[in-house]
Amino acid sequence: MRCAVFFCLLIGGWINYGSGVDPTNFKTCEQSSFCRRSRKVQSSGSKYSLISGTLNTYSDSVTADLLNKENHHQFTFKLEALVGGTFRLQIDEKTPLRPRYRVEHALKAQPKTVTIRVQESDGELTVTSGHSKAVIHGDPFRIDFYENDVHVVSVNAKNWLYFEHLRQKTQEQALPDSGEQQQNVEVLETLDEPGSWEENFKSHHDSKPYGPEAVALDFSFPAAEVLFGIPEHADSFALKSTSGTDPYRLYNLDVFEYIVDSKMALYGSVPVLYGHGPQRTAGVYWQNAAETWVDIYTAETNVVSSLVNFVSGSRKSTPPAAHFISESGIVDAFIMLGPQPMDVFQQYTALTGTHDLPQLFSLAYHQSRWNYNDERDVTTVSAKYDEFNMPMDTMWLDIEYTDGKRYFTWDKFKFPEPLTMIKNLTELGRHLVVIIDPHIKRDNSYFFHSDCTEKGYYVKTREGNDYEGWCWPGSASYPDFFNPVVRDYYASQYHLSKFKTVTEDVMIWNDMNEPSVFNGPEITAPKDLIHYGNWEHRDVHNLYGHMHLMGTFDGLQKRDPNQRPFILTRAHFAGSQRYAAIWTGDNLADWSHLQHSIKMCLTEAVAGFSFCGADVGGFFGNPDSELLERWYQTGAFLPFFRAHAHIDTKRREPWLFPERTRLIIRSALLKRYSYLPLWYTSFYELEQTGAPVIRPLLAHYPQDKEAFAIDSQLLVQQRLLVRPVMQQGVSKVDVYFPAIDDKKNGDYWYDVDTYQRQERTGSESIPVTEYKIPVWQRGGSIVPKKERLRRSSALMLNDPYTLVICLDRQGKADGTLYLDDEKSYAYRDGQYIYVNYEFANNQLTNRFIGKPKYKSDAWIERIVIAGLNRVPSSATITVNGVAQQLEVEQRDAAVYIRKPSIKMDVDFALKLNY
Amino acid sequence: MRLTNKQLVLLAICAVATVSSVYGGEVPRPRGVSLAKAALYQPRSDGKWTCLDGSKTIPFTQVNDDYCDCLDGSDEPGTSACPQAKFHCINKGHQSLDIPSSQVQDGICDCCDGSDELPVVGCGNTCNELGAAAAIERRNAAELHKRGAEKRQEMITRGKQLKADRAARRSELGARIKEQEGLKAEKEQLKRNAEALENEAMEAFKEQQRELDAETAQAEQEPQQMRQEATLSFVRYDANKDGFVEITELMVDMNLDSDRNGVVTVEEAKYFLDERERVDLDAFVTLAWPRIKPQKMLAEGLFQPPVVETEQPKPQVPSTEAPQAPVVNDEQADMELGIDEHGHDGEEDNEDEEDQYEEDDEPDVGVGEATADSETSTAAPNYDPETQRLIEQANEARNAFDEVDRHIREIEHEIKELDEQEGKDYGRNEEWAVLDGECYTFEDREYVYTLCPFDRASQKPRNGGAETTLGRWDQWLGEGDKYSKQKYSNGAACWNGPQRSALINIKCALEPRITGVSEPNRCEYYFEFETPAACDSEAFQAAEQNQHDEL
């Protein structure tokens with residue numbers, strides 16, 4: 001949801017919609033002392049070397065000691081080989097004054113290791129595992145990673161490793177037992193740095209009791225031409241050079257009216273970064289939950305350097321690189337070697353997991369607003385969708401449904417009978433989602449607050465008191481979700497025996513979980529708060545929302561063990577995708593924000609968060625008809641599809657606009673619902689393989705350099721190419737049809753409305769009407785659809801399918817369909833149908849993947865084939881040896897086969913007759 | 001009533017089985033087709049049938065075979081195969097109904113006769129019960145409209161009477177004003193004569209009083225200066241440069257926020273415009289500026305609470321510009337008044353304030369002899385008895401003239417009000433007229449809402465605090481029946497938002513009352529209002545008949 005309106009009031013300023021965020025509310029690198037210090041290394045370099053004789057070789061890893069040659073502090077180094085072409089590099093202090101924080105709960109499980117071979121020669125150590133190889137240089141310390149002997153990643157090639165070891169504060173230095181002389185020298189080193197031992201930002205003071213403890217390391221990508229990843233930023237898909245600007249920042253923040261084209265931190269932080277070139281793709285997951293800044297160095301592409309390269313005959317420019325800088329913790333980096341984009345995306349999800357197959361309704365259309373005022377309001381909006389024969393699956397309630405922002409309660413005046421209201425929705429196959437935020441109103445008569453107070457469940461101040469901040473309820477405290485007991489308590493609150501005024505069909509929206517603290521530094525929690533295990537908030541900040549989600553997910557699973565939970569979250573970290581869908585937060589009703597919805601979700605998708613969307617219409621401000629229409633059309637092709645609006649905006653349900661707008665929106669909704677079988681199949685395959693549901697062009701066209709930076713288009717799996725209209729007042733859009741090789745050969749693409757075929761690669765100007773959503777189906781693919789209209793997706797369960805077959809140059813196509821009960825975990829027990837359809841030689845056949853155990857009443861009502869050279873006279877379908885003639889009809893540029901009427905779990909062969 | 005998997009096992013087969021079964025009993029026609037359209041669903045002699053849009057000819061057996069053949073969806077009136085098709089529920093015993101194909105065979109019973117779902121869903125037929133209930137409801141509604149219409153008839157009678165009264169009063173005032181204008185001319189002549197004599201005497205007296213000239217000049221200068229200031233301010237306020245200063249133009253000046261609640265309300269602004277909607281330059285100078293100036297001075301810290309008048313002795317020399325002199329006095333009086341009001345403005349509640357403003361009307365518009373008198377008595381120099389006598393005579397003549405003049409203005413004011421009322425649309429038969437001047441309230445958890453038809457809608461927190469105007473009478477806004485909705489616009493501006501407005505949805509009932517108030521959009525209020533004025537038995541019956549005919 002929204003922002004710190006309250007905070008703005010407190011500080012007495014109101015920012016206009018037009019002007020956006022006030023950047024001075026947030027730190028620059030220069031204002032963040034560890035970033036400033038770590039970045040300095042970029043000019044001087046550091047001197048680290050392995051200490052000879054300390055090497056230990058194990059079956060799956062090597063360890064050694066590492067020395068900072070300037071201050072002689074010692075570190076331990078570990079390189080581990082993991083399954084699937086991934087290495088894990090860890091560096092920690094050998095004997096830290098106190099333990100340094102290691103991220104927990106981000107990985108889906110302890111990664112599996114693989115055996116290695118180790119060779120030593122010329123001070124180099126070569127660690128090999130399958131196609132992957134790491135060559136470790138002792139002095140200066142550096143590791144080069146090779147995939148099939150192609151050099152794809154270097155660690156510390158720039159010598160920007162920077163590791164601030166823990167030290168005693170100078171005052172204590174005077175004490176007689178304060179350690180050796182060596183330490184004295186080091187302390188003096190950083191003494192002249194202001195901000196090392198305490199820091200101020202605006203009116204906020206950070207006590208920094210443990211002093212400087214930053215970690216930083218550079219990663220180079222010699223085979224790459226473009227870097228991408230590290231969401232969440234409102235910026236282009238391809239990362240931009242940070243030379244002359246601040247680095248990209250990863251620090252979960254509630255940013256009020258964020259601006260686009262910005263490297264500022266937003267609500268989520270996923271420290272995974274990819275380097276991609278025509279031959280190779282590799283990635284690095286920097287596992288650190290503290291505030292992190294990432295400097296980006298892109299390859300020099302200016303005239304002089306290209307001239308030099310041309311003359312010298314070498315393309316050896318400095319490879320693109322990233323410098324990760326974190327405030328505390330250890331170096332814990334996963335180097336993923338690809339070789340292709342889809343490989344590396346899957347290597348990442350193998351580590352951090354994927355969203356499980358969601359309930360189908362959550363992939364349908366969501367209707368939200370801050371706020372639907374009362375029960376009548378909810379009922380009326382739901383009924384209006386029926387009146388205008390528009391499908392809608394889920395109504396949402398924002399914070400105003402609660403009794404004074406006390407979560408797990410209802411405003412009894414506006415919502416006297418929530419269970420009746422919920423029943424009215426669920427009877428139509430609809431759902432309700434209610435918001436539950438992590439801030440807890442400090443009200444002694446509120447059970448949740450008294451429980452947390454009594455049991456000591458809140459995050460503590462340095463002094464050991466319950467931390468108090470300001471948020472929606474006024475004075476609020478924040479449960480310490482890092483404590484498993486607190487998570488259990490929290491999870492139990494969702495149980496229907498506790499939260500009696502909802503049903504198991506009511507799902508949850510976790511907002512404000514960065515956490516948002518209106519009167520805190522940068523509108524979040526102070527870094528010197530204390531969490532479970534005595535860790536500082538500084539160490540774990542970016543994980544707070546993630547831990548919140550773990551509690552909610554657990555609660556929903558226990559509430560109804562046979563229903564898949566649906567949770568929407570704003571804050572997220574690596575691995576949060578296992579629990580929740582995300583949206584891009586408090587955007588603006590503005591064309592530039594519409595354009596960024598795709599850029600941001602593409603970046604999220606390759607970082608594990610396929611289940612991503614943006615507030616349709618824009619959260620702040622009032623979209624005009626055209627912007628709203630185009631936003632619905634765009635939202636219809638992003639995985640999470642929800643309209644939402646700020647409380648101060650005008651109502652914008654589709655029927656409040658002229659009829660034309662309503663019909664355009666209806667048409668976009670119908671299109672979304674018709675493709676639900678594809679979305680659902682895609683999410684099943686995401687769970688199975690980790691392959692993102694939406695993908696940038698480079699995922700499947702890795703050699704087409706012109707496609708690398710395109711972020712106004714997306715692929716849905718490898719089946720659809722989507723290029724929504726996202727500019728005002730245009731009658732045509734430029735669409736880029738990517739090449740599969742360097743000879744400009746490409747796939748066939750079929751317009752999904754007309755089946756007109758696009759055969760050329762490169763940029764094409766495509767005319768559009770107000771109704772048009774430019775979408776193409778790839779030649780060679782088969783897409784399952786449901787083309788009957790219903791009030792909600794649940795009512796489509798038994799509706800028949802349409803298969804759309806688009807042929808490639810060889811006249812072939814294939815594609816999968818997955819179906820089950822769309823709701824329960826029965827699919828984990830094999831209650832599903834997963835089938836691959838294959839078309840070749842004028843014949844369509846199906847092949848079941850696994851036994852089709854789910855009993856479905858759905859059937860195939862229509863088969864559409866595009867790309868045939870001739871129109872067949874008829875078709876013959878053979879089931880169990882019984883053949884039957886089917887009518888064939890030409891419509892537009894496709895052939896329709898009438899009513900095969902085959903059940904989904906039946907083997908068949910369908911032949912075209914000429 | 002949701003469908004289960006098991007229940008639907010035979011869906012596809014059943015759908016085929018029901019293809020073109022006899023439907024509805026009387027005339028054979030495909031499922032989902034209304035009686036009126038039955039003729040369109042007859043097979044040709046060759047067993048074929050053409051889509052209603054003519055787009056295609058198909059075997060009649062393909063009608064309702066659960067596959068969409070026609071572009072217009074006309075071949076599938078009884079299934080969900082065509083997204084744009086309609087299904088006709090006969091609903092015998094109740095109203096028949098067209099539902100979209102999206103609701104056919106989805107496991108939810110939408111037709112009361114259950115015809116939209118397969119028998120396996122087990123919808124049952126509730127049409128008779130619903131029909132009976134609807135009939136009772138219709139009877140009740142008809143009865144309500146009938147009884148309400150009787151009340152409405154009374155309202156019409158009274159409304160017409162009010163209209164006639166207004167017309168009578170209007171013509172009476174027309175005659176009176178003519179009469180008064182004659183009298184005014186007469187009094188003006190008398191005044192002129194008396195002033196001529198007075199002038200003569202004064203000139204003579206002045207000769208003797210040369211030494212007082214300086215102060216006299218000053219006294220003349222002051223009104224001049226006042227006018228200049230006022231003109232400047234007028235230009236500044238007149239944002240749209242139409243030669244008038246309007247309420248909204250004043251509302252931007254926070255100095256005029258008398259109760260200092262952060263908003264210049266319409267009421268506040270109106271006070272400064274002498275309770276008018278807008279004023280031209282002259283009216284501004286004479287009526288508005290004297291009210292505004294003290295506020296300005298107060299805001300700028302220039303205003304010192306007035307010391308007793310006598311401490312700044314001003315030789316009050318009645319001069320030839322005598323008619324202007326009272327204006328000066330008047331203005332001073334107003335200043336005092338303004339301050340005085342201000343003294344308790346902040347604390348007192350708004351209703352009082354308004355009343356007070358209204359009472360202020362008189363002295364502001366009028367000339368204020370009393371004030372002039374008191375001024376004269378405290379500041380008059382010692383004239384010789386003859387001059388004094390002439391001055392008094394002239395004063396009397398002036399007062400007599402002013403009296404008539406004021407009277408005329410009063411009549412004009414009343415005429416204006418009558419004309420305004422005449423300009424309001426009180427409905428086809430004046431049935432709404434009696435509501436003008438009435439106010440109705442509604443309380444919810446937080447607020448008391450007030451609706452004064454044809455005047456304003458407002459809101460006041462129950463736990464105390466200032467009343468906020470949600471809107472002033474704007475217009476009738478019903479779709480279809482114009483008199484089913486009222487709009488009140490230009491209410492107090494919302495913080496960082498638009499000006500408030502209210503939409504009144506009106507229904508027939510025997511007693512007038514507000515039944516609910518909501519705020520679906522920020523700052524847009526929605527009142528549910530009931531009154532017998534909305535009861536129209538004939539229109540109700542006509543609508544009923546119409547609906548019946550359609551079925």
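These are my notebook entries on two chains of a predicted model.

**Ground rules**

I count residues from 1 along each chain as its sequence is written, and I letter chains from A and number ligands from 1 in the order in which they are written. Because the model is predicted, I take local features only at pLDDT of at least 70 and side-chain atom pairs only at pLDDT 80 or more, while totals for chains, interfaces and linings use all residues.

**Entry: domains of chain A**

I began with the domain assignment of chain A; domain bounds come from an automatic or database domain assignment. It gives domain 1 (33-165 + 213-230 + 270-352), domain 2 (360-436 + 483-516 + 540-689) and domain 3 (784-913). I noted 38 Å between the centres of domain 1 and domain 2 of chain A, taken over C-alpha atoms.

Next I looked up how domain 1 meets domain 2 in chain A: 22 residues of domain 1 are in contact with 17 residues of domain 2. Contact here asks for C-beta atoms, placed from the backbone, within 7 Å. On the domain 1 side, the elements giving two or more residues are β15 (226-229), β18 (272-276) and α6 (341-352) of chain A. Helices (H or I, at least four residues) and strands (E, at least two) are DSSP runs, numbered from the N terminus. The largest share of that side, five residues, is from α6(A). By class I wrote down 14 nonpolar, six polar and two charged residues for it. For the classes, Ala, Val, Leu, Ile, Met, Phe, Trp, Tyr, Cys and Pro count as nonpolar, Asp, Glu, Lys and Arg as charged, and the others, Gly among them, as polar.

**Entry: a helix pair**

I then turned to helix α7 (residues 375-387) and helix α8 (residues 418-426) of chain A, whose axes come within 10 Å and cross at roughly 5 degrees. That makes α7(A) roughly parallel to α8(A). The label covers angles under 35 degrees; over 145 is roughly antiparallel, 65 to 115 roughly perpendicular, and the rest oblique. The axes are lines fitted to C-alpha atoms, for helices over the stretch in contact, with angles from 0 to 180 degrees between N-to-C directions.

From α7(A), I listed E375(A), V378(A), T379(A) and S382(A), which meet M421(A), N424(A) and L425(A) of α8(A). The residues of this contact divide into three nonpolar, three polar and one charged.

**Entry: nonpolar cores**

The largest nonpolar core has 277 residues, and I335(A) is one of those with the most contacts inside it, as are L227(A), Y285(A), V434(A), I567(A) and I805(A). A core is a set of buried Ala, Val, Leu, Ile, Met, Phe, Trp, Tyr and Cys residues joined through C-beta atoms within 7 Å. Buried means 20 or more other C-beta atoms within 10 Å of the residue's own, exposed 12 or fewer, and partly exposed in between, with C-beta atoms placed from the backbone.

A second, separate core of 25 residues includes A149(B), M155(B), Y488(B) and F527(B).

For chain B I have domain 1 (1-125), domain 2 (162-423) and domain 3 (437-550). Domain 2 and domain 3 of chain B each put six residues into their contact.

Between the chains, the contact takes 23 residues from chain A and 23 residues from chain B. On the chain A side, β51 (859-866) and β54 (894-903) each supply at least two residues.

G131(B) counts as partly exposed because 16 C-beta neighbours lie inside 10 Å.

I found a cis peptide bond from P231(A) to E232(A), with omega near 20 degrees. Another cis bond joins G338(A) and P339(A), with omega about 20 degrees; P339(A) is in the loop between β22 (331-336) and α6 of chain A.

Then I looked at positive phi outside glycine. K202(A) has phi of about 50 degrees and is exposed, with 12 other C-beta atoms within 10 Å. Y755(A) has phi near 65 degrees and counts as buried, with 20 C-beta neighbours inside 10 Å.

Terms used: Contact = placed C-beta atoms within 7 Å.
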